[in-house]
Amino acid sequence: MPRSSRVSMRFSTQTLLLQLGVVLLVVLLSGAVHAWLVYERIGDEAENQALTLARTVAADPDVRADVQVISKEEGTPPPDVLAAGPLQTAAEAARVRTGALFVVITDETGLRLAHPDLARLGERVSTDPSVALAGEEITTRNTGTLGPSAGAKVPVYSPGSTTIVGEVSVGYSVESLTESLVRDIAPIALTAGGALLAGVLASFLLRRRLQRLTLGLEPEEISTLVHDQVAVLQGVDDGVIGIAADGRISVFNAAASRLLDMPDATGQDWISADVPEQLKRLTKPAAQDAEAVEIVAGGRVLVASARKAWHRQEDLGWVVMLRDRTELQQLTQQLDAVGTMSTALRAQRHEFANQLHTIAGFMSIGQYESAKEYLARISATGPLKFPVEQAELLQDPYLQAFIGAKGVEASERGVALRVGPETLVRGHVADPQDVTTVLGNLIDNAVSAAVAGSGDERWVDIELLDEQSHDGGALHIVVADSGDGLGELDPEEVFTEGFTTADHTARPGAGQGLGLALVRQLARRRGGDVRVLEPGTMGGPGAVFMASIPGVMDTARAGTQDAGATMTEDNHG
């Protein structure tokens with residue numbers, strides 16, 4: 001039959017039916033065993049009662065004397081004589097008094113001397129009397145002429161001796177035992193019914209709990225979900241953290257471990273887990289509609305967002321998503337630097353045009369020497385004049401252009417950008433991306449501090465020094481400003497992610513509260529650092545920051561250029 005035409009029973013229903021079957025089987029087996037034990041107990045009691053009655057009858061002196069008299073006679077008296085005899089009277093009296101099925105007395109050969117059925121008198125008993133006639137007592141369960149019974153056989157001794165002259169056999173009907181069992185089985189049946197009812201109720205409750213725990217999904221669906229979860233969570237570059245409704249971390253994929261630079265935290269309590277506090281704040285009840293935030297963790301800029309997870313009306317907890325924006329942030333800063341340079345170039349285009357017009361004028365009037373001298377001055381000072389004092393101390397073209405562009409931007413905000421006299425850069429920038437990130441953030445923060453300062457002058461001083469080493473040169477940066485300093489702030493607090501003192505961004509699209517935290521983690525990842533040298537004072541000068549970035553300078557080219565310069569000087573000398 002095709003699968004589409006088969007009716008599939010739900011797993012929870014299968015489990016319920018299986019549990020009901022097991023409960024029913026256990027109850028039936030337990031009831032049957034209990035009934036059998038009760039039946040055996042009643043049978044044992046009947047045998048003991050029969051044995052007691054048989055002993056009582058066999059010990060009666062009159063019975064012993066009458067049996068001895070009949071045993072000494074030749075033959076056995078006729079049935080009518082036995083029926084009217086004292087043995088029949090004594091046996092029937094004992095049977096009626098105790099409710100036994102039969103009380104039978106025999107002679108030493110096993111012939112009946114007393115029996116409830118008078119027609120059986122003088123006949124041999126239907127069950128073997130040899131054990132009792134041998135002097136032993138025995139309990140039995142067998143079927144005789146009166147039907148099935150539980151009884152006992154006891155020897156009868158002659159008066160005053162140990163000679164066996166007969167035996168007494170007493171039995172109780174099995175039907176009476178069954179009637180006793182029926183009376184005693186009622187509590188057993190009630191107990192079994194109660195157990196069955198409790199088992200059925202427990203099975204239904206277990207089924208409901210199973211459906212709640214599995215969200216109503218079948219095992220095949222759960223297996224498919226697990227495979228899909230593993231494939232999705234381990235195959236994406238975004239970090240995924242799942243927090244169950246009880247506050248336990250249920251999902252922590254490999255991307256989350258990599259982005260947060262921490263081991264797998266699955267199973268840990270979310271509140272006490274070693275994750276950034278900003279992530280924990282996203283999952284507070286009041287933050288259900290909170291927007292995504294940027295954090296710095298593990299040397300990366302991450303965009304974190306949290307969403308409440310629901311299945312129908314059931315609260316499943318939270319899902320936290322982490323996306324890596326480090327490269328995008330660095331590219332954005334690079335783009336900002338390029339945009340700054342482009343703005344500076346546009347700001348200087350009139351100077352280009354004026355210089356070209358001047359040269360063209362000299363040439364048109366035949367003042368070739370004047371044109372030559374003018375070109376020499378342009379060659380000596382450069383075609384562009386950035387508003388950066390002592391910019392000629394920078395030998396690297398990238399640093400010249402970048403700091404010159406920053407000088408134009410600072411000048412537009414009324415801040416003078418100056419290169420300190422201790423600046424000495426002999427190498428060339430080998431990693432412009434990291435240099436742009438660190439130097440750009442420090443200059444932007446310093447310019448903003450200078451603009452917000454209470455002093456009359458607004459300036460930013462920078463000093464750069466490269467250091468040669470066998471594994472790539474380091475660049476040391478010192479940035480000071482004319483602002484009001486850090487005031488009462490802890491110098492380490494400014495490096496906390498999310499910290500900012502700005503009321504608005506300096507440029508459209510610029511982030512707040514990530515710059516210093518990012519540059520410090522970037523520098524430390526390279527083995528360097530960013531720290532506060534001086535917190536500054538109110539009214540100026542402001543704070544002084546120092547950054548060390550190893551491995552970003554190409555000092556080999558610097559050595560080659562220094563050697564070439566030396567040879568040129570020697571040749572001229």
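Predicted model: local features only at pLDDT ≥ 70, side-chain atom pairs only at ≥ 80, totals over all residues.
Local features need pLDDT of at least 70, side-chain atom pairs count only at pLDDT 80 or more, and totals for chains, interfaces and linings use all residues. Residues are numbered from 1 along each chain as its sequence is written, and side-chain values use heavy atoms, with hydrogens and water left out.

**View 1. Helix H13 (residues 397-412) against helix H14 (residues 432-452)**. Helices (H or I, at least four residues) and strands (E, at least two) are DSSP runs, numbered from the N terminus. The two axes come within 11 Å and cross at roughly 25°. Axes are lines fitted to C-alpha atoms, for helices over the stretch in contact; angles run from 0 to 180 degrees between N-to-C directions. H13 and H14 are therefore roughly parallel (an angle under 35 degrees). Their crossing is right-handed (near helix turned clockwise from the far one by less than a right angle). H13 residues in the contact (heavy atoms within 4.5 Å) include Phe402, Ile403 and Lys406. Among their H14 partners are Leu439, Ile443 and Asp444. The contact has ten nonpolar, two polar and three charged residues. Ala, Val, Leu, Ile, Met, Phe, Trp, Tyr, Cys and Pro count as nonpolar, Asp, Glu, Lys and Arg as charged, and the others, Gly among them, as polar.

**View 2. Helix H2 (residues 61-72) against helix H4 (residues 86-98)**. These axes come within 10 Å and cross at roughly 140°. The crossing is left-handed. Val63, Asp66, Val67 and Ile70 of H2 meet Pro86, Leu87 and Ala90 of H4. Six of these residues are nonpolar, none polar and one charged.

**View 3. The largest cavity, with about 190 Å³ of space**. A cavity is a set of points, on a 1 Å grid over the protein atoms alone, where a 1.4 Å probe fits but cannot get out; lining residues have an atom within 4 Å of a point. The structure holds two cavities of 30 Å³ or more. Of the 19 residues lining the largest, Phe102, Ser126, Thr127, Gly144 and Ser169 are closest to its centre. Strand E4 (147-157) is one of the elements giving two or more residues. E4 gives the largest share, five residues. The lining has six nonpolar, eleven polar and two charged residues.

Methods. Parallel < 35°, antiparallel > 145°, perpendicular 65-115°, else oblique. 1 Å grid on protein atoms, 1.4 Å probe; cavity = no way out; pocket = protein on both sides within 12 Å on 5 of 7 lines; lining within 4 Å. Points joined across faces, edges and corners; volume = space filled by probe spheres on them.
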